[in-house]
Amino acid sequence: MTEAELRDIVRAAILEVMGPSPRRALVVFTGGLLGFEDAIASLRVLAAQGVQLDYLQTPSAERILDQDLIRSLGMREVSKRMVEEHDMLIAPTLTSNIAAKVAHGIADCLASNLFSEFIMANRLVVASRTAICPDGSAKQSWFPHMPPAYADLLRGNLSALAAFGVRLTESRFLCRTALAAWDRRDQERRAPFVAELGTSVAGVLAGLDGSAAPATASPAAAMPAPAPGVVPCARSLISQQVVQQLPNGVELRVTAGARVTALARDLAAARSIRITREV
């Protein structure tokens, strides 16, 4: 094996580690009707981002929720390997019943069992609080005179879920919350490599355009050293997936004619990544 071939292998391995992992979520529909249409819209955007969504329903969800809307998402219905094949659990229509069970460690049905397994395995869990939260406008519109003690009970169950690591959000923000959870997981996975490589990670990520250095190139030519904290990228389209691969706080320098998507700009702003253009 030549030195150039060894460099190519090492570079490919680093880029694989630094890149985002495949994203596959199990969507569990329970019978929470409040926020259902917003949840469907959010899941549709999530699927458009390339996330593999599989789903199942509880009996109450099958009775209450619009089945045509669920089928319109084109998800795969599953009944086996529900935990092993998914790195995230999404509950877009979480009910007070399931929330109370999980908050108190009760796992006596399919939905509560899945919550329990994902939580105990320290896997990602995202759930809508819209149908539960007594302080939300949707819940208040249905129950404007809820007794304070009962409202405190619901808040307590939600607080317990949050303490377990469940990411709670409004139905319309499910997509944003799920993507942020995956980004955080990928960032934590990359952190040891970023710390080891330091600013030289910018040179590795300079290959985001997919081009490979010639086999005869010298190490300096194969891995150019840009200014510290600057990541050059020659792609004509800067998508959210490109920004996902970057450490927080760097400068992404793109070509003068590159197009940057809105989602890429939002994610960059959230992670203190500056996007600049070549002069």
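A polar contact, as I use the term here, is a pair of N or O atoms within 3.5 Å, one able to donate a hydrogen and the other to accept it. I am working on a predicted model.

**Entry 1: serine 128**

I applied that cut-off to serine 128 first. A polar atom of its side chain lies 3.2 Å from the backbone nitrogen of threonine 130. I then looked up where serine 128 sits, and found it in strand β5. Is serine 128 buried or exposed? Its relative accessible area is 2%, so I noted it as buried. Next I listed its contacts, setting aside neighbours within four places in sequence. Ala91, Pro92 and Leu94 are among them, and so are Thr169, Glu170, Ser171 and Leu174.

**Entry 2: the sheet**

I traced the strand order. The sheet is open, has six strands and reads β3-β2-β1-β4-β5-β6. The pairing is parallel. Which strands stand at the edges? I found β3 (76-77) and β6 (167-169) there. Each has a single partner strand, so one side of each lacks a neighbour in the sheet.

I then checked one pair in detail. Strand β1, residues 24-29, runs parallel to β2, residues 52-57, and six bridges join them. Phenylalanine 29 stands opposite glutamine 57 in β2. Helix α2 (residues 36-48) packs on this sheet, and I see it touching β1, β2 and β4 (88-91). The direction of α2 makes about 165 degrees with that of β1.

**Entry 3: salt bridges**

Side chains of opposite charge can pair when their charged atoms come close. How many salt bridges does the structure hold? I got 17.

I picked out arginine 24 and glutamate 85, whose side chains meet at 3.6 Å, N to O. Arginine 24 is in strand β1, while glutamate 85 is in the loop between β3 and β4, so the pair ties together parts 61 residues apart in sequence. Both ends came out partly exposed: arginine 24 has 26% relative accessibility, and glutamate 85 has 29%.

Aspartate 135 and arginine 155 form another salt bridge, with the closest N and O atoms 2.8 Å apart. This pair links distant parts of the chain, 20 residues apart. Aspartate 135 is in the loop between β5 (124-128) and α7 (137-142), and arginine 155 is in helix α8 (residues 148-163). Aspartate 135 is partly exposed at 44%, and arginine 155 is partly exposed at 31%.

I also looked within a helix. Glutamate 188 and arginine 184 form a salt bridge, their closest N and O atoms being 3.2 Å apart. They are four residues apart in helix α9 (residues 174-197), which means about one helical turn between them. Arginine 184 is partly exposed, with a relative accessible area of 48%. One network also turned up: salt bridges with shared partners join Arg23, Asp87, Asp183, Arg185 and Asp186.

**Entry 4: helix α13**

Last, I looked at α13, residues 262-270. Which of its residues are buried? I found Ala264, Leu267 and Ala268. They cover an arc of only 100 degrees around the axis, so they lie on the same side of α13. Ala262, Asp266, Ala269 and Ala270 are exposed on the other side.

I checked both ends of α13. At the start, a side-chain oxygen of threonine 261 reaches to within 3.1 Å of the backbone nitrogen of alanine 264. After α13 comes serine 272, and its phi is positive, near 60 degrees.

Conventions:
Residues are numbered from 1 along each chain as its sequence is written. This is a predicted model: local features need pLDDT of at least 70, side-chain atom pairs count only at pLDDT 80 or more; totals for chains, interfaces and linings use all residues. Side-chain values use heavy atoms; hydrogens and water are left out. Two strands pair if DSSP finds at least two bridges between them. Helices (H or I, at least four residues) and strands (E, at least two) are DSSP runs, numbered from the N terminus. Contact means heavy atoms within 4.5 Å. Axes are lines fitted to C-alpha atoms, for helices over the stretch in contact, and angles run from 0 to 180 degrees between N-to-C directions. Buried means under 20% relative accessible area, exposed over 50%, partly exposed in between (1.4 Å probe, protein chains only). The arc is that of the directions from the helix axis to the C-beta atoms. A salt bridge is a side-chain nitrogen of Lys or Arg within 4 Å of a carboxyl oxygen of Asp or Glu.
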